[in-house]
Amino acid sequence: MKHLILAINPGSTSTKLAVYKDEELVSEFKINHETEEIMKYKHIIDQYKFREQIILDFLNKEHIDLSTFSAIVGRGGMLKPIESGTYEVNDLMIQDMMEAKRGEHASNLGCILARNLGKPYGIPAYVVDPVAVDEMDDHYRYSGFPELQRRSLFHALNHKAVARKRAKDLGKKYEDLNLIIAHLGGGISVASHKKGKVIDVNNALDGDGPMSPERSGSVPMGPLYNMCFSGKYTLEEIKRKNYGKGGLVAYLGTNDGKEIQDRIKNGDEKAKFIHEVMCYQIAKEIGIQATVLEGRVDEIILTGGLAYDKLLVEIVTPRVQFIAPVVVYAGENEMESLALGALRVLTKEEKPKQYI
Ligand SMILES: Nc1ncnc2c1ncn2[C@@H]1O[C@H](COP(=O)(O)OP(=O)(O)OP(=O)(O)O)[C@@H](O)[C@H]1O
Ligand SMILES: CCCC(=O)O
């Protein structure tokens, strides 16, 4: 019997959905969200109904009955640090995502949507490679403030999926390669994959790394703490400057990479300069990760939605190709990875991990 699987991927600038019959893609859907549309919700959890309606409308349009799914799988959010794999959605996971104690990210909704949609029909819910996957080297964790440790939060699902895909395309094992992978999405994470483990990455949610379509990336700390204590801003407003309203959207009023490309083509000098700054910072972050891998880098991979941007690739590549060859895997492999992660559990090839 074939398994019908619904994959749900709430991203920071989009909602992506896919239906798989075993390994075969049956149908998919993606909707991009304007910054204003998303920013009107104070907390990620407040977006629940909005994102749920997108899923129900998609299933309706495709004439797919919810009750026919064998499993529903969501992108996993800011859980406690955990190892890579497929996890059963349980009560603790739901509670942690509702409380968002480790922070707010669109992917926090993945497990809640998967569980709630399937529950009336007894359909099992899973998450795969949540953003909280933690395989870090301990050197990574320490900052110069003993009170402040770095946290592993990144686009683990796409990082792992692209790394495995590249290894397969090369006829090698992921565990035999050293890769620098730059996920270039609404947020940007650039990571060192050392022999199958992600040992270092910038965490854009904590204001680390390059600016991105809607994250500030790292900013000068002196001016930042003056700003924080100026009395002009609430904590919420400062957080929004880092996450949601930072980066390209702060300078150009849009998080839409295609629109920015069009503006550049039409001679918009400001868009051109800010885009160059983002590219410069991406290249610099790749350089940082090259030192983590001590220069022993097999390949640099550019992936995520922004990797479709040819100008970005043209600017970043010459700055970093002295480190290793640059390969582009534009878009993401997240939907297939979600579905295959659930399928391995349904076919009993793998036992689901428990979130405790
Ligand atoms: N063809 C394209 N050209 C330029 N930019 C693009 C293109 N397609 C998508 N983008 C941009 O890529 C970004 C979104 O990438 P992606 O879909 O990987 O992110 P997301 O899933 O919404 O967010 P995140 O990965 O941070 O969770 C947006 O800024 C989008 O405008
Ligand atoms: C937690 C994923 C990182 C990001 O969206 O910036």
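User: In which sense do S1 and strand S2 (residues 14-21) pair, parallel or antiparallel, and over how many bridges?
Analyst: In this predicted model, S1 and S2 form a hairpin with three residues between them, and within this pair the bridge partner of Pro 10 in S2 is Thr 15. Strand S1 itself covers residues 4-10, and six of its seven residues are buried. The pairing of S1 with S2 (residues 14-21) is antiparallel, over seven bridges.

User: What is the strand order of the open sheet of six strands?
Analyst: Four bridges join S4 to strand S6 (residues 125-128), the two running parallel, and in S6 the residue bridged to Ile 72 is Ala 125. The edge strands of the sheet are strand S3 (24-32) and strand S5 (86-88), each of which pairs on one side only. With mixed pairing, the open sheet of six strands has the order S3-S2-S1-S4-S6-S5.

User: Which helix packs on the sheet and touches S1, S2, S3, S4, S5 and S6?
Analyst: In the open sheet of six strands, ordered S3-S2-S1-S4-S6-S5, the twist averages 20 degrees from one strand to the next. The helix that packs on this sheet touches S1, S2, S3, S4, S5 and S6, its direction makes about 135 degrees with that of S1, and it spans residues 334-346: helix H13.

User: Which strands are the edge strands of the open sheet formed by five strands?
Analyst: The five strands of this open sheet follow the order S9-S8-S7-S10-S11, with mixed pairing. Each edge strand pairs on one side only, and the two in question are strand S9 (197-201) and strand S11 (326-330).

User: By how many degrees are neighbouring strands of this sheet turned against each other on average?
Analyst: The sheet concerned is the open one of five strands, in the order S9-S8-S7-S10-S11. With direction ignored, its neighbouring strands are turned against each other by an average of 25 degrees.

User: What angle does the direction of helix H6 (residues 156-170) make with that of S7?
Analyst: Strand S7 (residues 178-184) pairs with strand S8 (residues 188-194) in the antiparallel sense over seven bridges, and the bridge partner of Ile 181 in S8 is Ala 191. Helix H6 packs on the sheet that holds these strands, touching S7, S8, S9, strand S10 (299-304) and S11, and its direction makes with that of S7 an angle of about 130 degrees.

User: What separates the centres of domain 1 and domain 2, taken over C-alpha atoms?
Analyst: The protein chain is divided into domain 1 (4-133 + 334-346) and domain 2 (155-324). Taken over C-alpha atoms, the separation between the centres of domain 1 and domain 2 is 24 Å.

User: Which helices each supply at least two residues of the side of domain 1 that touches domain 2?
Analyst: In the contact between the domains, 17 residues of domain 1 meet 17 residues of domain 2. By class, the side of domain 1 that touches domain 2 has five nonpolar, nine polar and three charged residues. The helices that each supply at least two residues of that side are helix H1 (35-39) and H13.

User: Which helix gives the largest share of the shell around ligand 1?
Analyst: Ligand 1 is surrounded by 20 residues, the closest being Gly 11, Gly 185, Gly 186, Gly 257 and Gly 305, and the shell divides into three nonpolar, 13 polar and four charged residues. Domain 1 and domain 2 each contribute at least three residues to this shell. The largest share, three residues, comes from helix H10 (residues 257-265).

User: How many nonpolar, polar and charged residues has the shell around ligand 2?
Analyst: Among the residues that surround ligand 2 are Ser 12, His 105, Phe 154, His 155 and Arg 215, and the shell draws at least three residues from each of domain 1 and domain 2. By class, it has five nonpolar, five polar and one charged residues.

Methods:
Residues numbered from 1 in each chain as written. Chains lettered and ligands numbered in written order. Predicted model: local features only at pLDDT ≥ 70, side-chain atom pairs only at ≥ 80, totals over all residues. Buried ≥ 20, exposed ≤ 12 C-beta atoms within 10 Å, placed from the backbone. Pairing = 2+ DSSP bridges. Axes fitted to C-alpha atoms, helices over the stretch in contact; angles between N-to-C directions. Contact = placed C-beta atoms within 7 Å. Domains from an automatic or database assignment. Nonpolar A, V, L, I, M, F, W, Y, C, P; charged D, E, K, R; others polar. Near = placed C-beta within 6 Å.
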